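Welcome! Please take a look at the structure before you start.

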Amino acid sequence: QIKVAMAAVPGESSSSSSSSAQALVPSALELSRRVNSLVDLTDMHKILQDCISTEASIDAELEALLAQRHTTSAALEALAPSRDALIIIRGDAERVLKQVSAAATFAQNAGASIRTLDVTQDRVRKALAVATDELDRATCADALADALAAGGPPAGGGGGA
């Protein structure tokens, strides 16, 4: 079985072994280039030792993760009852959100209607004031016309001659 790991080729800079598995697996082309560039047995032994070291660190990391598996599984099992409750709560929250959204839309529409009614009410008040003023003017004009037709000022008027 062949394990693939990045190892430093002499003359190239390399970082210390990373705990990230993605950083340890080169592309096939890169691996081929590195292997083809090896001509010295010492360099090959160095790369082999680096690969073995990297493999050991990956194995240790995997063992640590596997050791935590029981704890993680137990924690997930402990969360299972909460999951069902959270699903119910989520559904309730979505229904409440829809209701609140509908209420907000209704309130916006009602507010717009109230503003329209306020503007209309103000216009009606102004029209009523104009009509009242016109009625008062007409009443005054009628009284003046009656007084002129009677041949003098209205009774009680002080028109001294």
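The exercises below go from the overall fold to individual side-chain pairs.

**Before you start.** This is a predicted model, in which local features need pLDDT of at least 70, side-chain atom pairs count only at pLDDT 80 or more, and totals for chains, interfaces and linings use all residues. Residues are numbered from 1 along each chain as its sequence is written, and side-chain values use heavy atoms, with hydrogens and water left out.

**Exercise 1.** Work out the secondary structure content of the protein and the order of its elements.

*Solution.* 
- Step 1: apply the DSSP rule, where helices are H or I runs of at least four residues and strands are E runs of at least two, numbered from the N terminus.
- Step 2: count the elements, which gives 3 helices and 0 strands.
- Step 3: read from the N terminus on, and the order is α-α-α.

**Exercise 2.** Find the number of salt bridges, then examine the pair D92 and R95.

*Solution.* 
- Step 1: recall that side chains of opposite charge can pair when their charged atoms come close.
- Step 2: require a side-chain nitrogen of Lys or Arg within 4 Å of a carboxyl oxygen of Asp or Glu. The count is 6 salt bridges.
- Step 3: D92 and R95 form one of them, at 2.1 Å from N to O.
- Step 4: the two residues are 3 apart in helix α3 (residues 41-150), so about one helical turn separates D92 from R95.
- Step 5: D92 is partly exposed at 35%, and R95 is partly exposed at 48%.

**Exercise 3.** Which residue forms a salt bridge with D122, and how exposed is each partner?

*Solution.* 
- Step 1: the partner is K126, with 3.5 Å from N to O.
- Step 2: both lie in helix α3, 4 residues apart, about one turn of the helix.
- Step 3: K126 is exposed at 54%, while D122 is partly exposed at 38%.

Key:
Buried < 20%, exposed > 50% of the residue type's maximum accessible area, 1.4 Å probe, protein only.
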